[in-house]
Amino acid sequence: MTVILNQSFTGISIGAVLLLIALGLTLTFGQMGVINMAHGEFIMTGAYTTYVLQQAVGGAGVPLLLALPLAFLVAGGLGALLEWLLIRRLYTRPLDTLLVTWGVALMLQQLARDLFGAPNVHTTAPDTLTGNVSVAGVVLTTNRLFILGLALACVLGLTLMLRLTPLGRRVRAVVQNRELAEVSGIATGRVDRTAFFIGSGLAGVAGVALTLVGPIGPTMGTNYIVDAFLVVVAGGIGRLRGAVVTAFALGVLQAVLEYSTTTSVAKVVVLVAVVAFLQWRPQGLYTLRTRSLV
Amino acid sequence: MTTTAPPPAPTPAVATPPPSPSARFRVPGAFLLGAVLLFGVAPLVLSDFRISLLAKYLCYAIVAVGVSLAWGRGGLLVLGQGVFFGLGGYAMAMHLKLADAAAAGETLPDFMLLYGSGDALPWWWRPFANPVFALAATVLLPMAVAALLGYFVFRRRVRGAYFAILSQALAAALSIWLVGQQTTTGGTNGLTDIRGFFGYDLSDPVNQRTVYFVVAGVLLLLMAAARQLFVSRYGELLVAVRDAEERVRFLGYDPAAVKLVAYVVAAGTAGLAGALFVPAVGIISPALIGIVPSIGFVIGAAVGGRASLVGAVLGAVAVAWAQSSLSDAFPAAWTYLQGLLFVVAVGFLPGGLASVVTALRARRTRTAPAPAPTKGETA
């Protein structure tokens, strides 16, 4: 019983990481149809922001809390810049966007290598996030709980933003019908840029969280990008609910498989399972029904 | 103020002109020129070392032939060619490792003895001891995998970005699996230190040259075959599927079948390239077939011109050459340049360098009286 509970907690925390890294993509890929391969590098930006802050401020807890908003701004700013420079010219060519942003990702990786060196760097976790909490015989590590809380907070914030704020309303309007939004007086270009800012900023926040569980290095983005895209695709493009369900489902599946086999086999099975799942539901878990042919 | 009327377009379409009689005669000329360069000039002027490097670049060019077919003509962004390249490469390398072991009087390849994976050869290694099986598997195995995957994917109308991400996920899965199975696949190191090639010693420069000639010959044959495919009715149907899939469907064709053929042929080409890569370079490893190299297979074609066969092949050779000559001396500069290539070639020059050539040629001929449109002569 304890084993099952322990493994489900592991699964949920893997799911929380997946959710965090995919959340920004549900906005940029899901809502706007932009395939941003540099998303992983925005995650890396967030992680390096934490590292720089720790070097500059010293200590562990304060920099981490400071890093959350700062990483959001840094990664979001990079994202908005990328949107303004390149992506807005390519909205009609999604496949080309993929390759162009991959080029940007390569350059950002090399930039990180030049600035911080090729080897991984390390941050120290604050004392409050290195301990354990024991609930009903299940050992919960506090850093995993922190990531879970952060992921849920981000989901909540994004949902509220999209549902309640004027900006969210404009984003949804542009997603549903760009031309109609434009003739209604919405500056679609500015909405795109803001949405891209938020989506990329969320990647930065994910990067801060990842400093607690993984290495920080120039190629860390590549490790996460495929997983992030698969979560969005399997969840149903543009469906926040789908991303949440898929992230946790994949996390639990991975944890169960890791327990019974090895990490690499688990990873492969999860990837193949997603590919097979898309055979069954090509549009993902939750679909937005339209009458369009494509 | 904005008008919705289409702009007046008296200029001839430059993207993919219909095959005109002059085009039919021009290509054998280009083909002969390529043959002379590859078989006559290159072996005379290049050192043994450069020749074996060129053989490696030509392997990438072979992949580009398939990429040009699937992506350039079919619009399928194949981001998982590393899977097929790897299947072909590993099939070949497994046979060569077994042959090396047999020549040394061992029953197991050297790395298996090193990692102590037991006395028995894994069952899935055994058939590869047979040269005919291994050679057939280098091409048929990738094609079978592509056919299986493509059948389901295209039938369910998974396309565009979904297809690209799926194929990328498979490349990730295969390389992760190979790394994880160290005792039977060599893990991160891959299959290295391949000494013989069907009885010939690969360390001998003469045999290296022979391998080069084989690679060059395969490339030229595949280019000729692909060119015939491009100008055939099937080639036109493929372009039609790329540009207006729904219309093709309403005309009574099955776009899934059309795309499947392109995908399977591209996979077979990549498998063959992987198989030739092994004797040419002497190694196959997960780092050569994962996500990053899989995207790399596409960039050469993008730079040269994805829809143009010659452009894609030359682009692949040029990018591979630039990579190996720059990445040793200036690794940082090469990465920036590679990133910039993606941005400029794909973002601002989607037709690649080939489109520049076509545009220049069109400008030159425009001074002469415009040729009559050659519609409806596709017999």
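## A walk through a predicted two-chain model

The end C-alpha atoms of residues 66-87 of chain A lie 30 Å apart, and this span is 91% helix and 0% strand, where helices (H or I, at least four residues) and strands (E, at least two) are DSSP runs numbered from the N terminus. The model is a predicted one, in which local features need pLDDT of at least 70 and side-chain atom pairs count only at pLDDT 80 or more, while totals for chains, interfaces and linings use all residues. Residues are numbered from 1 along each chain as its sequence is written, and chains are lettered from A and ligands numbered from 1 in the order in which they are written.

Residues 12-30 of chain A are 100% helix and 0% strand, with 23 Å between the end C-alpha atoms.

Chain A as a whole contains 11 helices and two strands, arranged along the sequence as α-α-α-α-β-β-α-α-α-α-α-α-α. Its radius of gyration is 19 Å, close to the 19 Å that the globule rule gives for 294 residues, so chain A is as compact as a globular protein of that length; the radius is taken over C-alpha atoms, and the rule is 2.2 Å times the number of residues to the power 0.38. Along the principal axes, the C-alpha atoms of chain A fill a box of roughly 60 × 45 × 35 Å. Of the 294 residues of chain A, 51% count as buried, a term that requires 20 or more other C-beta atoms within 10 Å of the residue's own, whereas 12 or fewer make a residue exposed and values in between partly exposed, with C-beta atoms placed from the backbone. Among contacts in chain A with a separation of 6 or more, 77% are between residues 24 or more positions apart, a contact being a pair of residues whose C-beta atoms, placed from the backbone, lie within 7 Å.

A loop residue of chain A gives a local view. N120(A) is found between α4 (94-116) and β1 (132-135) of chain A, and N120(A) is partly exposed, with 13 other C-beta atoms within 10 Å. Leaving aside neighbours within four places in sequence, N120(A) is in contact with P215(A), I216(A) and G217(A).

Chain B has 15 helices and two strands, and buried residues make up 45% of its 379 residues. Among its contacts between residues at least 6 apart in sequence, 80% join residues at least 24 apart. From its first C-alpha to its last, α11(B) reaches 38 Å, close to the 39 Å expected at 1.5 Å a residue, the expected span being 1.5 Å times one less than the number of residues. G282(B), whose phi is positive and near 90°, follows α11(B).

Where the chains meet, 38 residues of chain B are in contact with 34 residues of chain A. The elements that give two or more residues to the side of chain B that touches chain A are α6 (160-180), α12 (291-304) and α14 (331-348) of chain B, and the largest share, 15 residues, comes from α6(B). The residues on this side divide into 28 nonpolar, seven polar and three charged, where Ala, Val, Leu, Ile, Met, Phe, Trp, Tyr, Cys and Pro count as nonpolar, Asp, Glu, Lys and Arg as charged, and the others, Gly among them, as polar.

L166(B) lies in helix α6 of chain B and counts as buried, with 22 C-beta neighbours inside 10 Å. Not counting residues up to four places away in sequence, L166(B) touches V275(A), L278(A), V153(B) and V158(B). With the corresponding exclusion of neighbours within four places, A169(B) is in contact with V226(A), L230(A), L271(A), V274(A) and V275(A).

How values were computed: Contact = placed C-beta atoms within 7 Å.
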